[in-house]
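Hi,

Here is the structure I promised to pass on.

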Amino acid sequence: QVQLVESGGGLVQAGGSLRLSCAASGRTFSSYTMGWFRQAPGKEHEFVAAISTRGVSTLYTDSVKGRFTISRDNAKNTVYLQMNSLKPEDTAVYYCAARRSWASRRAGDYDYWGQGTQVTVSS
């Protein structure tokens with residue numbers, strides 16, 4: 001029903017910045033809570049950030065607070081993750097996810113997932 005496509009990943013040095021984008025299909029993007037998760041090799045999906053339907057409320061995992069900013073542009077059907085002051089421990093595949101309900105920190109609560117975009121932070 002909803003297709004999500006992430007972009008913007010890449011290789012950066014520690015302390016650098018990246019902006020991830022997630023483009024969604026359909027005309028009901030504004031009705032979905034959007035989230036970002038990440039998965040490092042051999043690890044489970046980890047919650048990173050989420051944003052409410054109108055973009056007013058946001059949630060972040062403690063490790064990225066003050067460094068990452070989630071935002072959305074409903075007119076463009078796009079959610080963003082601005083990542084500053086990147087650290088090697090941020091290295092992971094980053095996934096965009098959508099849920100037609102209230103914001104959640106649990107990966108299993110999200111209904112739609114993108115293919116992921118690799119973020120690698122070198123020291």
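**The disulfide and the rest**

Cys22 and Cys96 are joined by a disulfide, with 2.1 Å between their sulfur atoms. The cut-off here is a pair of cysteine sulfur atoms within 2.5 Å, and by this rule the count is one disulfide. The link of Cys22 and Cys96 is left-handed, at -80 degrees about the S-S bond. It connects distant parts of the chain, since Cys22 sits in strand S3 (residues 18–24) and Cys96 in strand S9, 74 residues apart. Both Cys22 and Cys96 are buried, where buried means under 20% relative accessible area, exposed over 50% and partly exposed in between (1.4 Å probe, protein chains only).

Before you go further: this is a predicted model, so local features need pLDDT of at least 70 and side-chain atom pairs count only at pLDDT 80 or more, while totals for chains, interfaces and linings use all residues. Residues are numbered from 1 along each chain as its sequence is written, and side-chain values use heavy atoms, with hydrogens and water left out.

**Overall picture**

The protein has 11 strands and zero helices; both are DSSP runs numbered from the N terminus, helices being H or I with at least four residues and strands E with at least two. The radius of gyration is 13 Å, close to the 14 Å that the globule rule gives for 123 residues, so the protein is as compact as a globular protein of that length. That radius is taken over C-alpha atoms, and the rule is 2.2 Å times the number of residues to the power 0.38. Along the principal axes, the C-alpha atoms fill a box of roughly 40 × 30 × 25 Å. Of the 123 residues, 42% count as buried. Contact means heavy atoms within 4.5 Å, and among contacts between residues at least 6 apart in sequence, 57% join residues at least 24 apart.

How many salt bridges does a search of the whole structure find? The search gives four, a salt bridge being a side-chain nitrogen of Lys or Arg within 4 Å of a carboxyl oxygen of Asp or Glu. One of them pairs Arg38 with Glu46 at 2.9 Å, N to O. Arg38 is buried, with a relative accessible area of 5%, whereas Glu46 counts as partly exposed at 32%. Lys65 and Asp62 form another, their closest N and O atoms 3.0 Å apart, and Asp62 counts as exposed at 60% relative accessibility.

Asp90 and Arg67 also form a salt bridge, with 2.8 Å between the closest N and O atoms. Asp90 lies in the loop between S8 and S9 and Arg67 in the loop between S6 and S7, so the pair ties together parts that are 23 residues apart in sequence. Both Asp90 and Arg67 are buried. Salt bridges that share partners join Arg38, Glu46, Arg67 and Asp90 into one network. The side chain of Arg67 also reaches the backbone oxygen of Ser85 at 3.0 Å, a polar contact (a pair of N or O atoms within 3.5 Å; within protein, one must be able to donate a hydrogen and the other to accept it, and residues adjacent in sequence count only if both atoms are side-chain atoms).

Arg72, in strand S7 (residues 68–73), is buried yet has no salt bridge; Asp73, the nearest side chain of opposite charge, is 8.4 Å away. For charges, Lys and Arg count as positive and Asp and Glu as negative, with His and the chain ends not counted. What the side chain of Arg72 does reach is the backbone oxygen of Phe29, at 3.0 Å. The backbone oxygen of Ser52 is 2.8 Å from a polar atom of that side chain.

**Two phi values to check**

Most residues other than glycine have a negative phi. Asn77, in the loop between S7 and strand S8 (78–83), has a positive phi near 50 degrees, and counts as buried at 16% relative accessibility. Ser85, in the loop between S8 and strand S9 (92–99), also has a positive phi near 50 degrees. At 42% relative accessibility, Ser85 counts as partly exposed.

Cheers
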